[in-house]
Amino acid sequence: MTHIDPTSPILVTGATGYVAGRLVKLLLEKGHTVHAAVRDPGKTEKLKYLNALAESLPGQIHYFKSDLLTEGSYAEAMAGCELVFHTASPFAMGVKDPQKELVDPAKLGTRNVLEEASRTPSVKRVVVTSSMAAIYGDNVDLKHTPNGVFTEEIWNTTSSLKHQPYYYSKTVAEKEAWDIAGKQDRWDLVTINPSFVLGPGINPHSTGESYSTVKQMGDGTLKAGAPKMGIGVVDVRDVALAHYKAGTTPEAAGRYLTSAHNTDLFDMAQELLPKYGNDYPLPRKPLPKWLVWLVGPMLNPGITRKVVSLNTGFPWKGDNSKIRKELGIEFRPLRETMEEMFQHLIDNGVLEKKA
Ligand code: NAP
C-alpha cells in the first residue's frame, strides 16, 4: 500500500505531449504542484497551452529541462517528488531508423527515469504510460489469446524492429520498467496500458498519431472509405483519470489495460456522420482489404503491407474489467469522444467545411 502526500510535487515527464496535457490539467485542477519535464523549457510556443492552464487553475507548474537520452537529466525535476508519471516516449508509426527514433528513447529513457527514481529518496510510486502495444502486436494475435480477448496477462511477442517497431519499443520499455522496479522495494510501479487514445487534448495543433487519424477522417483523405481495421479506443480524459487514480490509489498494482471500446477505424468514423456528415467529407464505406493493402503505405508509412494483412478485417477485443473494478474508471461513450475531438479541430481551424 503506497500513500502519497498530496502536498509533495508530482513529476510528469513528456509534459508537452497529448496524453500528458490532460494529465497535467487534472493535476492542476486538483491543486497539485507539477514538475513538468520537457525537452526545451525555452520553447514558449510549445508550452503556451500548459501555461494557460496554470494561469486559471489552482495548482502550480514548474518546468525542468530533461531529455530521455541524457543520463541524470531528470534528477532536478524528480527531487522531492513522491509520485512520478513517466509518459515521455516517441509515438510515431513511419520512422526511418526505428532503433534510434523509437527503441532507444523508449527503453533507455525508461531506464534513465526509473533509475533516477531509485536514486531519489522521496519517490514512492512510479506510473509508466505503457500501451496496449506492449500487450499485442497485430490484430491476428487475438486468435492466440487464451480466451479470445487481450488482458493484462498477455505480452506482445510478435513485434520487432522490422515489423511494428513502435509496438516493439513499448514492449521493451515496459519490460525494462518491471526489471528496474523489481531491483528495489522503496517505490512501486504501476503501468497504464491505453489502446488508441482519442478525444480533445489541450493543444489542437498536435501532430501526433491520434490527431492525424481524426484529421484524416475530416479533411477528405479517407473520403473513398476507411478500413475495417479492428482497434481499441479510449478517451484522453479517461486515460488522464486512469493515471491519476493509478498514482493515488494506495492499493493500485500491476498493469491496467485502459481501453473503452472494441471498434474499428470505419466504425469510429461512422460515429461522426449524424452530426458532421453534411459538411465534411467523412468516409462512408469500408475500404476493401486489397485497396487498403495498395494505398495504406501511402497514407501512413507505418502501415506496411504486412501490417495491413495482419490487421485489416480482424476484430479487436480488450478486457477492461480490472481498471473498472480496482480504480473505478467509467469510460465515456465513443460518440462523445469522436464528436468532441472533431469539434475541437473545427473550433481551432484545423478542419474546414467542404466547399
Ligand atoms: P506525443 O503527443 O507525441 O507525446 C510524446 C511526448 O514524449 C512529448 O512530450 C515528447 O516531447 C516526449 N518525448 C519524445 N522523445 C523525447 C525525448 N528524447 N526526450 C524527452 N521527451 C521526449 O504522444 P502521446 O500520444 O501523448 O504519447 C504519450 C505516451 O502515451 C507515450 O508513452 C505513448 O507511447 C503512450 N500512448 C499513447 C497512445 C495514443 O494513442 N496517443 C496510446 C497508448 C500509449 P516533445 O514535445 O519535446 O517532442
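Start by selecting tyrosine 166: this residue is buried, with a relative accessible area of 10%. Here, buried means under 20% relative accessible area, exposed means over 50%, and partly exposed is in between, using a 1.4 Å probe and protein chains only. Before you go on, know that this is a predicted model, where local features need pLDDT of at least 70, side-chain atom pairs count only at pLDDT 80 or more, and totals for chains, interfaces and linings use all residues. Residues are numbered from 1 along each chain as its sequence is written, and side-chain values use heavy atoms, with hydrogens and water left out.

**Stop 1: the aromatic rings**

A pair of aromatic rings is described by the distance of the centres and the angle of the planes. Rings of Phe, Tyr and Trp (its six-membered ring) pair if their centres lie within 6.5 Å; planes under 30 degrees apart are stacked, over 60 edge-to-face, and the rest tilted. The structure holds ten aromatic pairs. In this one, the ring centres of phenylalanine 91 and tyrosine 166 are 4.5 Å apart and the planes are at 35°, so the pair is tilted.

Which parts does the pair tie together? Phenylalanine 91 is in the loop between strand S4 (83-86) and helix H4 (98-119), while tyrosine 166 is in helix H5 (residues 165-181), so the pair joins parts 75 residues apart in sequence. Helices (H or I, at least four residues) and strands (E, at least two) are DSSP runs, numbered from the N terminus.

Now widen the selection: ring pairs link Phe91, Tyr136, Phe150, Tyr166, Tyr167 and Trp316 into a cluster.

**Stop 2: charges over rings**

Select arginine 255 and tryptophan 155. The charged end of arginine 255 sits over the ring of tryptophan 155, 3.7 Å from the ring centre. To sit over a ring, NZ of Lys or CZ of Arg must be within 6 Å of the ring centre and within 35 degrees of the ring normal. For another example, go to arginine 305, whose charged end sits over the ring of tryptophan 293 at 4.5 Å from its centre.

**Stop 3: the ligand**

Click on the ligand next. How many residues surround the ligand? There are 25, and the closest are Thr16, Arg39, Lys46, Tyr166 and Lys170. A residue is near a molecule or strand if one of its heavy atoms lies within 4 Å of it.

Look at the backbone around the ligand too. At leucine 68, a polar backbone atom is 2.9 Å from a nitrogen atom of the ligand.

**Stop 4: the nonpolar cores**

In soluble globular proteins, nonpolar side chains tend to be buried together. A nonpolar core is a set of buried Ala, Val, Leu, Ile, Met, Phe, Trp, Tyr and Cys residues joined through side-chain atoms within 4.5 Å. The largest core here has 71 residues, and Val12, Met268 and Phe342 have the most contacts inside it. Helix H1 (residues 18-29) gives the largest share of this core, eight residues.

Zoom in on phenylalanine 342. Not counting residues up to four places away in sequence, phenylalanine 342 touches Val214, Gly218, Leu272, Tyr276, Tyr280, Leu282 and Leu351; contact means heavy atoms within 4.5 Å. A second, separate core of 21 residues includes Leu11, Leu68, Ala77 and Cys81.

**Stop 5**

Select asparagine 193, in strand S6 (residues 188-194). Is asparagine 193 buried or exposed? At 0% relative accessibility, asparagine 193 counts as buried. Its side chain makes polar contacts with the side chains of serine 130 at 3.4 Å and threonine 191 at 2.8 Å. A polar contact is a pair of N or O atoms within 3.5 Å; within protein, one must be able to donate a hydrogen and the other to accept it, and residues adjacent in sequence count only if both atoms are side-chain atoms.

Then move to serine 210 in helix H6 (residues 209-218), which is buried at 4% relative accessibility. The serine 210 side chain reaches the backbone oxygen of valine 197 at 2.7 Å.

Finish at glutamine 164, in the loop between strand S5 (125-129) and H5. Most residues other than glycine have a negative phi, and most peptide bonds are trans. Phi of glutamine 164 is near 55°, a positive value in a residue other than glycine. Glutamine 164 is buried, with a relative accessible area of 5%.
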